[in-house]
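Let's learn to read a protein model together, one feature at a time. Have the sequence and the 3D view open as we talk.

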Amino acid sequence: MGQRPLKPCKYLGCKGLHRNEGLYCDDHKDIMETRQREEKNKRRQARNRQFGYVLSDEEKFYSSMVWQRKRALTKERQGFFCLNCLDNQFYKECTQVHHIIEILEDWSMRLDDDNLICLCSECHQGVHILYRRSEIDRLKTQAELRRILKTYNEGGYKIGRS
């Protein structure tokens with residue numbers, strides 16, 4: 001199978017060529033994705049205000065700069081890996097930062113390092129399915145996530161070559 005043909009980047013003023021699926025070269029792809037995500041959020045918030053929707057404390061928290069910084073710091077601290085996959089000897093990138101004890105359950109733990117764990121989208125979705133299944137499953141899953149986080153913090157996972 002051959003390579004994709006070169007095409008010009010659609011970013012204003014960029015003269016670069018790329019073979020990406022999208023419209024932008026590697027230099028501008030992330031910039032445009034962030035910009036599009038922000039525009040989408042602005043449109044959604046404007047639509048919500050138009051209909052008198054008021055954000056809950058949880059929604060305000062997840063859109064706050066405090067959470068954005070904490071989330072980035074947690075990903076960096078935990079090596080940008082999904083710790084659940086790492087526990088199962090797979091290397092997968094972290095896409096979500098999960099609250100082991102959910103913020104609606106205990107608001108005071110929302111920024112606690114011992115309550116935050118990096119997960120990939122699939123593991124995060126699976127954890128929430130277990131949380132909703134039953135109280136026993138939720139407690140067992142929380143205990144397992146705490147064990148994984150503790151093992152990682154104690155240097156129990158060997159990443160890369162030794």
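This is a predicted model: local features need pLDDT of at least 70, side-chain atom pairs count only at pLDDT 80 or more; totals for chains, interfaces and linings use all residues.

Q: Let's start with cysteines. How many disulfides does the structure hold?

A: A disulfide needs two cysteine sulfur atoms within 2.5 Å. The structure holds zero of them.

Q: Are cysteine 9 and cysteine 85 buried or exposed?

A: A residue is called buried when its relative accessible area is under 20%. Cysteine 9 has 7%, so it is buried. Cysteine 85 has 10%, so it is buried too.

Q: Now for charges. Which residues gather in a patch of negative charge on the surface?

A: The patch is made of Asp26, Asp27, Asp30 and Glu33. Let's visit two of them. Aspartate 27 sits in helix H1, which covers residues 26-50, and with 62% relative accessibility aspartate 27 is exposed. Glutamate 33 also belongs to helix H1, and its relative accessible area of 38% makes glutamate 33 partly exposed.

Q: How far is aspartate 27 from cysteine 9?

A: Along the chain they are 18 residues apart, and their C-alpha atoms are separated by 9.5 Å.

Q: What should I look for in a salt bridge, and how many are there?

A: Look for a side-chain nitrogen of Lys or Arg within 4 Å of a carboxyl oxygen of Asp or Glu. This structure holds nine salt bridges. One of them joins arginine 77 and aspartate 113, with the closest N and O atoms 3.0 Å apart. That pair links distant parts of the chain: arginine 77 is in helix H3, while aspartate 113 is in the loop between strand E3 and strand E4, 36 residues apart. Both ends are partly exposed, with 42% relative accessible area for arginine 77 and 32% for aspartate 113.

Q: What does the salt bridge of lysine 92 and glutamate 122 tie together?

A: Here the N to O distance is 2.8 Å. Lysine 92 is in the loop between helix H4 and E3 and glutamate 122 is in helix H5, so the pair ties together parts that are 30 residues apart in sequence. Lysine 92 is partly exposed, at 35%.

Q: How do aspartate 137 and arginine 133 compare in accessibility?

A: Their side chains meet in a salt bridge, 3.8 Å from N to O. Aspartate 137 is buried, at 18%, whereas arginine 133 is exposed, at 56%.

Q: Where does glutamine 89 lie, and is it buried or exposed?

A: You will find glutamine 89 in the loop between H4 and E3. With a relative accessible area of 72%, glutamine 89 is exposed.

Conventions: Residues are numbered from 1 along each chain as its sequence is written. Side-chain values use heavy atoms; hydrogens and water are left out. Buried means under 20% relative accessible area, exposed over 50%, partly exposed in between (1.4 Å probe, protein chains only). Helices (H or I, at least four residues) and strands (E, at least two) are DSSP runs, numbered from the N terminus. Patches are made of residues with over 30% relative accessible area and no salt bridge: like charges are joined within 9 Å, nonpolar side chains (Val, Leu, Ile, Met, Phe, Trp, Tyr) within 5 Å. Accessible areas come from the Shrake-Rupley method with a 1.4 Å probe; for residues, only the protein chains shown count as cover. Lys and Arg count as positive and Asp and Glu as negative; His and the chain ends are not counted. The place of a charge is taken as NZ of Lys, CZ of Arg, CG of Asp or CD of Glu.
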